[in-house]
Amino acid sequence: MAGKYELYTDKAGKYRFRLKAPNGQVIASSEAYESKASAQNGIASVKANADSETVDLT
C-alpha cells in the first residue's frame, strides 16, 4: 500500500495537507493555505519535487 495525501481544513478554516506513510504515520505536513486550490497546488509541487536531490547540510 502506498502513502497518501490527506487534504483537510484546520480549526481556523484554512486548508492544509499531510502526507501519511503506509503505516498511517504522518511524515510531512503543510503550511496553511487560504484556498483549496492552493493546497492542491502544494500537493502537486511536493509530488513534482519529491525526486529531487538530497543536500546534507550537517
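1. Two strands are said to pair if DSSP finds at least two bridges between them, and the strands themselves are DSSP runs of E with at least two residues, just as helices are runs of H or I with at least four, both numbered from the N terminus. In this sense β2 and β3 form a hairpin with five residues between them, and Gly24 in the turn has a positive phi of about 95°.

2. Some points about the source should be kept in mind: this is a predicted model, in which local features need pLDDT of at least 70 and side-chain atom pairs count only at pLDDT 80 or more, whereas totals for chains, interfaces and linings use all residues. Residues are numbered from 1 along each chain as its sequence is written, and side-chain values use heavy atoms, with hydrogens and water left out.

3. As an overview, the chain contains one helix and three strands, and from the N terminus on these elements run β-β-β-α. The C-alpha trace spans about 35 × 25 × 20 Å along its principal axes. Of the 58 residues of the chain, 19% count as buried, a term that stands for under 20% relative accessible area, with exposed meaning over 50% and partly exposed lying in between (1.4 Å probe, protein chains only).

4. The three strands make up an open sheet in the order β1-β2-β3, with antiparallel pairing. Its edge strands are β1 (4–9) and β3, each of which pairs on one side only. On average, neighbouring strands of this sheet are turned by 25° against each other, direction ignored; the axes behind such angles are lines fitted to C-alpha atoms, for helices over the stretch in contact, and angles run from 0 to 180 degrees between N-to-C directions.

5. How many bridges join β1 and β2? The two strands pair in the antiparallel sense over six bridges, and within this pairing the bridge partner of Leu7 in β2 is Phe17. The hairpin of β1 and β2 has five residues between the strands, and Gly13 there takes a positive phi near 85°.

6. Arg18 has Ser29 in β3 as its bridge partner, while Leu19 stands opposite Ala28 in β3. Gly24 lies in the loop between β2 (15–20) and β3 (26–29), and this residue counts as partly exposed because its relative accessibility is 38%. The C-alpha atoms of Gly24 and Ala39 are separated by 21 Å, although these residues are 15 apart along the chain.

7. Leu19 deserves a separate look. This residue lies in strand β2 and counts as buried because its relative accessibility is 18%. Leaving aside residues up to four places away in sequence, Leu19 touches Lys4, Tyr5, Gln25, Val26, Ile27 and Ala28, where contact means heavy atoms within 4.5 Å. The C-alpha atoms of Leu19 and Val46, 27 residues apart along the chain, are separated by 9.8 Å.

8. Helix α1 (residues 36–49) has 14 residues and reaches 20 Å from its first C-alpha to its last, close to the 20 Å expected at 1.5 Å a residue; the expected span is 1.5 Å times one less than the number of residues. Which residues of α1 are buried? They are Ala39, Gly42 and Ile43, and these residues lie on the same side of α1 because they cover an arc of only 95° around the axis, the arc being that of the directions from the helix axis to the C-beta atoms. An α-helix has 3.6 residues a turn, so residues three or four places apart point the same way. What covers the buried residues of α1 includes β1 and β2, whereas the face turned away from the buried side carries the exposed residues Asn41 and Ala48.

9. The structure holds two aromatic pairs. Phe17 and Tyr33 form one that is stacked, at 6.2 Å centre to centre and with 20° between the planes. This pair links distant parts of the chain, with Phe17 in strand β2 and Tyr33 in the loop between β3 and α1, 16 residues apart. The rule is that rings of Phe, Tyr and Trp (its six-membered ring) pair if their centres lie within 6.5 Å, and planes under 30 degrees apart count as stacked, over 60 as edge-to-face and the rest as tilted. Both Phe17 and Tyr33 are buried, and ring pairs link Tyr5, Phe17 and Tyr33 into a cluster.
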